[in-house]
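Please look over the sequence and the structure below before reading on. This report is meant for a reader who has not seen them before.

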Amino acid sequence: TATQGVGEAVSSNLGREENIKAHFGLKHLTDCSTTKMMKIQIGVLACLIALSVIEFGLASANTVPAFLWSPHLQRANGEMDEAVNYQVMSAKDLVGSVFTQGGWSNFLCSEKKVEQAVDVALVFIGRELRSSDVSSKKNSDPALVNTLNNLFTASNFSLAFPYIAAPEEERMESLLLSGLKEACPHNVGVSNIVFSDSCLVEDGTIQKLSDLQSFKDHLLARRETRKEGETDLVVLCSEGSESISESGQSHSERESISELVSSVEQSGSKYTALYVSDPYWYTSYKTLQRFLAESATGNSTAGVSTTCDELCKFKSSLLEGILVGIVFLLILISGLCCMAGIDTPTRFETPQDS
């Protein structure tokens with residue numbers, strides 16, 4: 001009987017506490033707090049996901065790839081050396097990595113000459129590829145990607161940099177020259193430096209060549225006059241898919257790279273090559289200078305147009321769509337965050353009869 005009395009007392013106390021909680025809405029407050037916290041967490045998670053997607057899209061659109069390879073450089077033990085750096089780095093850091101990790105300072109600096117040297121250091125500065133073109137199956141120039149892939153995978157030494165922040169204030173060829181001077185502070189060991197006319201460099205002592213055939217003739221001439229242990233630096237800047245040589249023949253980036261590499265291999269010279277894309281300087285210096293001169297004098301030619309063509313309209317419409325999409329996405333995120341902060345009761349008390 002005593003045990004039954006204690007059990008009845010405990011049951012009555014629990015029933016009384018439940019009635020008190022129901023009367024004062026304590027249980028309702030606990031449920032509402034839990035629901036509110038879950039809504040806030042969902043809203044914060046949605047904001048973080050949206051921001052990460054926007055950041056990734058902007059980073060992918062503003063990065064370019066770079067590839068460094070050589071069929072003649074290899075490790076001391078004869079094994080193949082391959083590496084991929086997935087970090088997003090600046091163009092200046094890329095140049096520093098080429099001279100350090102790529103070993104270019106060993107044969108381009110006179111005080112660091114090594115036995116394993118090359119005869120030619122080739123640099124191809126393209127205007128078309130972006131990081132998204134390399135990873136995606138649908139890219140702007142599949143033939144160029146396949147050519148670079150074949151050269152890269154068939155080499156004994158290769159380094160890949162898929163995400164390079166494209167330079168905005170200084171061109172890649174200028175960064176290359178400044179990086180060469182920093183890597184070789186005492187004396188540059190390059191016997192001959194050649195740039196194409198499309199490269200914008202301020203050094204007047206550098207030799208410039210006009211077209212692809214002149215580069216081939218130069219490489220053949222240097223094979224006869226180059227001394228043992230000397231290294232030539234050859235830089236070819238593409239003018240884009242519409243580049244046309246003085247002879248009237250157009251050369252794509254893939255054709256220029258393939259023909260120049262084949263010319264070096266046929267000459268029997270050892271080489272190392274660097275390809276980096278710089279699409280934000282698509283218009284060459286000569287084209288821009290001619291356009292400004294003709295605009296100042298009021299003359300116009302058939303090749304230069306000041307109107308917005310179909311490609312211009314497409315790009316402007318695409319940019320407008322992206323901006324509108326970002327605005328609507330921000331509105332959606334703000335609405336989700338506001339809805340997550342709404343706290344309304346799920347149950348209402350029954351009105352007491354007066």
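## Basis

The model is predicted: local features need pLDDT of at least 70 and side-chain atom pairs count only at pLDDT 80 or more, while totals for chains, interfaces and linings use all residues. Residues are numbered from 1 along each chain as its sequence is written, and side-chain values use heavy atoms, with hydrogens and water left out.

## Two partners of helix α9

Helices (H or I, at least four residues) and strands (E, at least two) are DSSP runs, numbered from the N terminus. Two packed helices are described by the angle between their axes and the distance between the axes. Axes are lines fitted to C-alpha atoms, for helices over the stretch in contact, and angles run from 0 to 180 degrees between N-to-C directions.

Helix α8 (residues 212-225) packs on helix α9 (residues 253-266) at about 15 degrees, with the axes 10 Å apart. The two are therefore roughly parallel (angles under 35 degrees). On the α8 side the contact (heavy atoms within 4.5 Å) involves L212, F215, K216, L219 and R223, and on the α9 side residues including E255, E259 and L260.

Helix α6 (residues 142-153) also packs on α9, at an angle of about 30 degrees and with axes 8 Å apart. This makes α6 roughly parallel to α9. A143, L144, T147, L148 and L151 of α6 meet E253, R254, I257, S258 and V261 of α9.

## Helices α3 and α7

Helix α3 (residues 91-100) and helix α7 (residues 172-183) have axes 9 Å apart and pack at about 45 degrees. From α3, A91, K92, V95 and F99 take part, meeting α7 residues among them M172, L175 and L176.

The structure has seven salt bridges, each a side-chain nitrogen of Lys or Arg within 4 Å of a carboxyl oxygen of Asp or Glu. One of them joins D278 and R127 (3.8 Å, N to O). D278 is in the loop between β9 (271-277) and α10 (285-297), and R127 is in the loop between β4 (120-126) and α5 (131-135), so the pair is 151 residues apart.

## Helix α11

L323 lies in helix α11 (residues 310-340). L323 also belongs to a nonpolar surface patch with L311, F314, L318, L319, I322, I326 and L330. Their accessible area together is about 770 Å², by the Shrake-Rupley method with a 1.4 Å probe, where only the protein chains shown count as cover for residues. Patch residues have over 30% relative accessible area and no salt bridge, and nonpolar side chains (Val, Leu, Ile, Met, Phe, Trp, Tyr) are joined within 5 Å, like charges within 9 Å.

Definitions and conventions:
Parallel < 35°, antiparallel > 145°, perpendicular 65-115°, else oblique.
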